[in-house]
Amino acid sequence: MKLIDLIFPLKCPLCGQAVSKYEKNYPLCVKCQSLQEKEECVNSGNTLECLPPGTQLYCAYRYNGALREAVLKYKFNKEIWMAKSFAAMLIKSVEKNGGFSGINAISFVPVSDRRIAERGYDQVYEIAKEISEIKKIPLVRCLKKDDAFGDNASEKKDRYKRITEKKYYFTGKICEIRYKNVLLLDDIITTGATLAECTRLLLENEANSVKISVLASGRKDIL
């Protein structure tokens with residue numbers, strides 16, 4: 001164990017208990033790992049009807065209980081240290097499903113500049129950055145969200161309106177994703193409209209393929 005881990009011990013994001021990154025259950029403590037195993041999504045790799053054909057979706061967990069509380073704390077209480085923990089949880093989920101095979105670029109669903117100004121950070125970018133560093137896969141910042149729109153999870157709109165609204169646009173260099181197999185990251189999936197829009201933008205700008213990985217699913221049909 002490194003000295004820095006003794007001085008600043010890592011914590012389980014769900015309960016706050018100290019946990020070593022050398023433990024098999026990292027980043028969760030033994031108790032939370034046991035509880036979260038019951039919340040794992042078992043049908044990862046499926047393609048939702050709203051996504052472009054052939055797009056694989058990997059969901060790590062269902063969005064409820066202790067994980068839901070932890071995600072809300074991370075997003076709204078400036079608990080930015082949780083990014084490392086959520087990145088580790090996503091990596092485990094994707095690796096279990098073989099999702100990193102062939103991936104040579106990572107992108108993410110961004111929040112708006114207005115949200116960054118309010119919170120001080122983009123929570124999905126922080127997770128994506130950690131995954132990029134651990135897996136040694138380039139992180140491409142090429143998507144932008146219109147400031148006129150808030151977070152999907154907090155917007156009270158019907159399903160049709162969410163699906164048909166255009167909220168994102170491509171701002172990167174096409175050469176950064178051209179012919180690349182991109183892993184697109186997000187924290188939560190609700191309707192899937194956001195992921196569908198961002199996936200189409202990547203494919204329209206010459207990405208070879210897109211796989212999607214999300215930390216938690218709020219959809220009842222993803223179990």
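With which residue does R115 form a salt bridge, and how far apart are the closest N and O atoms? In this predicted model, the partner of R115 is E118, and the closest N and O atoms lie 2.9 Å apart. Both residues belong to helix α5 (residues 113–119), where a spacing of 3 residues separates them by about one helical turn. R115 is buried, with a relative accessible area of 17%, whereas E118, at 46%, is partly exposed.

The chain as a whole contains 8 helices and 6 strands, arranged along the sequence in the pattern α-α-β-α-α-β-α-α-β-α-β-β-α-β. Of its 223 residues, 52% are buried. The accessible surface amounts to about 11000 Å², and carbon and sulfur atoms account for 53% of this area. Among contacts between residues at least 6 apart in sequence, 70% join residues at least 24 apart.

Four of the strands form an open sheet with parallel pairing, in the order β1-β6-β5-β2. Strands β1 and β2 (105–108) stand at the edges; each has a single partner strand, so one side of each lacks a neighbour in the sheet. On average, neighbouring strands of this sheet are turned by 20° against each other, direction ignored. Strands of a sheet pair through backbone hydrogen bonds, either parallel or antiparallel. Here, strand β5 (residues 181–189) and β6 are joined in the parallel sense over 8 bridges, and L184 stands opposite I212 in β6. Strand β6 (residues 209–217) also pairs with β1 in the parallel sense, over 6 bridges; in β6, A216 stands opposite Y61. Although β1 (residues 56–62) is an edge strand, 5 of its 7 residues are buried, so the strand is largely enclosed by the rest of the structure. Helix α8 (residues 193–204) lies across β1, β2, β5 and β6 and runs at about 165° to β5.

Side chains of opposite charge can pair when their charged atoms come close. The model contains 13 salt bridges. One of them joins R62 and E39, with an N to O distance of 3.3 Å. R62 lies in strand β1 and E39 in the loop between α2 (30–37) and β1, so this pair ties together parts that are 23 residues apart in sequence. R62 is partly exposed at 21% relative accessibility, and E39 is likewise partly exposed at 21%. A further salt bridge links K75 and D187 (3.7 Å, N to O). Because K75 lies in helix α3 (residues 65–76) and D187 in strand β5, this pair connects parts that are 112 residues apart in sequence. Both K75 and D187 are buried.

Technical notes
Residues are numbered from 1 along each chain as its sequence is written. This is a predicted model: local features need pLDDT of at least 70, side-chain atom pairs count only at pLDDT 80 or more; totals for chains, interfaces and linings use all residues. Side-chain values use heavy atoms; hydrogens and water are left out. Buried means under 20% relative accessible area, exposed over 50%, partly exposed in between (1.4 Å probe, protein chains only). Helices (H or I, at least four residues) and strands (E, at least two) are DSSP runs, numbered from the N terminus. Two strands pair if DSSP finds at least two bridges between them. Contact means heavy atoms within 4.5 Å. Accessible areas come from the Shrake-Rupley method with a 1.4 Å probe; for residues, only the protein chains shown count as cover. Axes are lines fitted to C-alpha atoms, for helices over the stretch in contact, and angles run from 0 to 180 degrees between N-to-C directions. A salt bridge is a side-chain nitrogen of Lys or Arg within 4 Å of a carboxyl oxygen of Asp or Glu.
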